[in-house]
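I opened this notebook to record, entry by entry, what I looked up in one structure.

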Amino acid sequence: MHKFITGLVLSASLLGGCTQNPVTGQSEFSLVSAQQEVAIGEQNYQPSVQAQGGRYVVDPELTIYVNSLGQKLAAVSDRPKLPYEFLVLNNDIPNAWALPGGKIAINRGLLRHLEDESQLAAVLAHEIVHAAARHSANQMTQGALLGLGTQVIDQTSKDSEYAELIALGTGLSAAAWQARYGRQHELDSDRYGMEYMVRAGYDPQGAVELQQTFVELSKGRHQDFLSGLFASHPPSQERVEANRAHASRLSGSLRNQPAFARATAQLRKDKEAYELHQQATKALADKSVDKALSLTEQAIKKQPRENQFWETKAHIHVLKKQADAALRAYDQAISLYPEYFSPYLGRGAIYQAKGDYRAAKADLLASQRWLDTPVANYLLGQVSLELGERTEALRYFQTAASASGEIGQAAQAELQKVGVAQAP
Ligand SMILES: [Zn+2]
């Protein structure tokens, strides 16, 4: 009995312990240590960025601006020593997220709805609280205690036909970091976020206006808008009022509208180009391929440095069975943003179809280096077979076979075929 209790205490102290929350000061039990938090964040950072559109590379100055504002707020937070990093994602959906440990992203699609620096500070400070107050660690601990497991990331691409998988990068359908915080976490993030804003000199009204904007955005919008930001940050008049009441007790005046306007000038200049591209994506979904091509080419004319536009153009040429035009467009997408998985995947598939298996393998491996997807493993399996690399092919198919959906099933079928061929 004594031994049993000792064992229990020992494993509890190994697993976690009671600590004081760095933001609220309340004591809480956590199974996730501060070092583990940072490690989980690091591990999920790159895949989350890749799966959600990659970095916004048309104007890298914008990320520099967002990061410097974020660092200013993090420095006055309750956990200034976390390895914070702030970046802008090339994604139309109005969204923002924080990984445990302080890696924080804001989508291009949310920035365009903001009006000044105090509103941006409200977004970033809110996310800083999620990281500083260990909200994810808290969710993970609760999940583990309830026996729910701690699935932090769901990287499995959704069931989809092959052509759509190639367009994964433009479709942005892969789920990555999807923390679901509770109501209390959201209220805490609003509240303490406003404290951080004020400590850095900002007008807390920015947080009130931000919530108001979210309420407006959530009205009558497409499901996309609800699946992004609002899945984890439900907007409500209740939160607007809570923020208003809290703001009235705080004082800060900084709005920095001109600096914000300068930093986001390119984004506003390209508004029409992104709208044309969204129309093109919609036309593609409606199978109006020629209309989609014309809209995409108009978008490219307005902003030729947007890698996503070139990738959409490549995808359309694939659908039109114009392999050479598709290759040229993928080349362009890759040269504009070489650290992005998706166009390599598309180009590799074309090389494979053309029978150039060496070039196909090089591209599929490049794609995998940035984001390891089931479809890349599946195609690598096929290409390896063509190159006579049977053992490698088996390994790729095995990896792909663990995925759900069509790709997983196709990989299992390939595994059986290779296995049968190998049997004497
Ligand atoms: Zn939140």
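**Ground rules.** I am working with a predicted model, in which local features need pLDDT of at least 70 and side-chain atom pairs count only at pLDDT 80 or more, while totals for chains, interfaces and linings use all residues. Residues are numbered from 1 along each chain as its sequence is written.

**Whole chain.** I looked up the secondary structure and found 24 helices and five strands in the protein chain; helices (H or I, at least four residues) and strands (E, at least two) are DSSP runs, numbered from the N terminus. I then looked up burial, where a residue is buried if 20 or more other C-beta atoms lie within 10 Å of its own, exposed if 12 or fewer, and partly exposed in between, with C-beta atoms placed from the backbone. Of the 424 residues in the protein chain, 48% are buried. For contacts, meaning C-beta atoms (placed from the backbone) within 7 Å, I noted that, among those with a separation of 6 or more, 64% join residues 24 or more positions apart.

**Cores.** A nonpolar core is a set of buried Ala, Val, Leu, Ile, Met, Phe, Trp, Tyr and Cys residues joined through C-beta atoms within 7 Å. The largest one here has 52 residues, and the members that touch the most others are L73, A121, L124, A125, I128 and M197. Helix α5 (residues 117-132) gives this core its largest share, ten residues. Apart from it lies another core of 48 residues, including W310, A349, V375 and A400. In soluble globular proteins, nonpolar side chains tend to be buried together.

**M197.** Which residues does M197 contact, leaving aside its neighbours within four places in sequence? I found S118, A121, A122, A125, Y202, P204, G206, A207 and G252.

**Helix α5.** I checked its length: α5 has 16 residues and reaches 21 Å from first C-alpha to last, close to the 22 Å expected at 1.5 Å a residue, where the expected span is 1.5 Å times one less than the number of residues. In α5, 16 of its 16 residues are buried.

**R134 and K287.** After α5 comes R134, whose phi is positive, near 60°, and R134 lies in the loop between α5 and α6 (135-145). K287, in the loop between α16 (271-285) and α17 (289-302), also has a positive phi, near 65°. Is each of them buried or exposed? R134 is buried because 24 other C-beta atoms lie within 10 Å, whereas K287 counts as exposed because it has 9 C-beta neighbours inside 10 Å.

**Helices α10 and α13.** Helix α10 (residues 205-218) packs with helix α13 (residues 237-247) at an angle of about 170°, their axes 8 Å apart; axes are lines fitted to C-alpha atoms, for helices over the stretch in contact, and angles run from 0 to 180 degrees between N-to-C directions. I therefore call α10 and α13 roughly antiparallel, the word for angles over 145 degrees. On the α10 side the contact includes Q205, V208 and Q212, and on the α13 side R239, V240 and N243.

**L364.** I located L364 in helix α21 (residues 357-370), where L364 counts as buried because it has 29 C-beta neighbours inside 10 Å. Not counting residues up to four places away in sequence, L364 touches L345, G348, A376, L379, L380 and V383.

How values were computed. Two residues are in contact if their C-beta atoms, placed from the backbone, lie within 7 Å. Angles under 35 degrees count as roughly parallel, over 145 as roughly antiparallel, 65 to 115 as roughly perpendicular and the rest as oblique.
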